[in-house]
Amino acid sequence: MRLLVLPLLLAFVMTGCSGDQLLSVYLDTNRAQLDQPASSLHEELTFVVEPGTPARTIAENLAARGLIKDARLFEAYVRTTGIAQQLEAGTFTLSPEMTPIEIAQALQNAYRENTAVTIPEGWRIEQTADALSNGNTIDGAAYLRLAMQPGWQPPAAAGKEDPRVFLASRPTGASLEGYLFPDTYQLDVDNATAEELLRRQLETFAEKVLPLYQAAIESGSTTLSLHQVLTLASIVEREAVVADERPLIAAVYLNRLALGMRLEADPTVQYAMGYQPESKQWWKSPVFLEEYGSVVSPYNTYLNPGLPPGPIAAPGLGSIQAVLNPAEHDDLFFVALPDGSGRHAFSRTMEEHLENVKRYRGE
């Protein structure tokens, strides 16, 4: 087949055709071979592409390793289709069982050393920043500075939901607290920066949370703004220990809001109290009764009606779903059981609640 095309190539040369045109002709004539592997041998080979290596050299190196049969055809394919500009430098695992097309696809995704960063549910931004600094992977101080800076937004990444769209609905002066989705993120060690982690967290938030919120708005299951949902979900995240109680706890707070009652949520007082040097923790525990009235802060829901100004931590998907689809009950109170199960006793009236407090706490 290649011998038959030689006169045609010579004719193109004689008429002054460019190299790209010659490659295009060669590609069209031999296109069927792109779906044929070099061998049926099951073998994995490490193939390295140095930075700045041209497509022709890559093709020749592939042929020398027995990964493809025809270097010119491979070069013609990647250059004619524009893939040549997308071939990456790096280390690849290839096999002669792969077709030239599959190899070209693989060479667009170089192996990179990754580092895993895990952000647990229920952490506040300062807590995450401390952990990042201790992990020596990402600059925790930079993470804290950007996340707490009012109005800061990362640039949008190609093909991703632009976080600036939903961040624009935040109240003036609000930080990113509550919008930084807690998850495990695999980051390229060469690009493991505070800005990149924040961008990834916001993109994941857009992918996982926004569809749920939009569905809840359309179905009428919530009338809360996104900021309000996240604020309440962050409280539920800090209160709930057992997953199946999240909708129950969310309903208690929503019932209180509907009746104009104060939320009286302990985690909001803990958030307002901030870092505790004695215990080296961000969440004081326990919080004593006399402290409920002495912590002067808009986040103290024992002193202030309604929701606090914003989220107090990073709520997970379960707590957000609980606020969007709460349980149906009339309870207004709950108290933790003393058995270490993490469960609570729920009650509708103050009298019932006081009985539960006496029964389970001996108060």
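Reply: Happy to; what follows takes a few terms in turn and sets the values against the cut-offs. Please keep in mind that this is a predicted model.

Me: Let's start with arginine 170. Why is arginine 170 called buried?

Reply: Buried means under 20% relative accessible area. Arginine 170 has 10% relative accessibility, so it counts as buried. Its place is in the loop between helix 8 (163-167) and strand 4 (184-188).

Me: What is arginine 170 in contact with, leaving aside its neighbours within four places in sequence?

Reply: Arginine 170 is in contact with Gly151, Trp152, Gln153, Ser175, Leu176, Tyr179 and His227.

Me: What makes alanine 71 buried?

Reply: The cut-off is again under 20%. Alanine 71 has 19% relative accessibility, and therefore it counts as buried. Alanine 71 lies in helix 4 (residues 71-81). Leaving aside neighbours within four places in sequence, it is in contact with Ala59, Glu60 and Ala63.

Me: How far is alanine 71 from phenylalanine 288?

Reply: In sequence, alanine 71 and phenylalanine 288 are 217 residues apart, and in space they are 75 Å apart, C-alpha to C-alpha.

Me: Now the helices. Why are helix 10 and helix 15 called roughly parallel?

Reply: Angles under 35 degrees count as roughly parallel. The axes of helix 10 (residues 210-219) and helix 15 (residues 317-324) cross at roughly 5 degrees and come within 10 Å. Helix 10 and helix 15 are therefore roughly parallel to each other. Leu212, Tyr213 and Ala216 of helix 10 make the contact with Leu317, Gln321 and Leu324 of helix 15. These residues divide into five nonpolar, one polar and no charged.

Me: What makes helix 11 and helix 12 oblique?

Reply: Roughly perpendicular covers 65 to 115 degrees, and roughly antiparallel needs an angle over 145. Helix 11 packs against helix 12 (residues 246-259) at an angle of about 130 degrees, with the axes 10 Å apart. The pair is therefore oblique. As for handedness, helix 11 passes helix 12 in a right-handed crossing.

Me: Which residues make the contact of helix 11 with helix 12, and how do they divide by class?

Reply: From helix 11 come Leu232, Ile235, Val236, Glu237 and Glu239, while helix 12 brings Arg246, Ile249, Ala250, Tyr253 and Leu254. By class, seven are nonpolar, none polar and three charged.

Me: And how do you know that helix 11 and helix 13 are roughly perpendicular?

Reply: The range for that word is 65 to 115 degrees. Helix 11 and helix 13 pack at about 100 degrees, with their axes 9 Å apart. Helix 11 and helix 13 are therefore roughly perpendicular to each other. Their contact is made by Ile235, Arg238 and Glu239 of helix 11 and Asp266, Pro267 and Thr268 of helix 13. The classes here are two nonpolar, one polar and three charged.

Me: Which residues of helix 13 are buried, and what do they pack against?

Reply: In helix 13 (residues 266-273), the buried residues are Pro267, Thr268, Val269, Gln270 and Tyr271. They pack against helix 11 (226-239) and helix 14 (289-292).

Me: What follows helix 13?

Reply: Glycine 274 does, and its phi is positive, near 70 degrees.

Conventions. Residues numbered from 1 in each chain as written. Predicted model: local features only at pLDDT ≥ 70, side-chain atom pairs only at ≥ 80, totals over all residues. Heavy atoms only, no water. Buried < 20%, exposed > 50% of the residue type's maximum accessible area, 1.4 Å probe, protein only. Helix = DSSP H or I, 4+ residues; strand = E, 2+ residues; numbered from the N terminus. Contact = heavy atoms within 4.5 Å. Axes fitted to C-alpha atoms, helices over the stretch in contact; angles between N-to-C directions. Left-handed = near helix turned anticlockwise from the far one by under 90°. Nonpolar A, V, L, I, M, F, W, Y, C, P; charged D, E, K, R; others polar.
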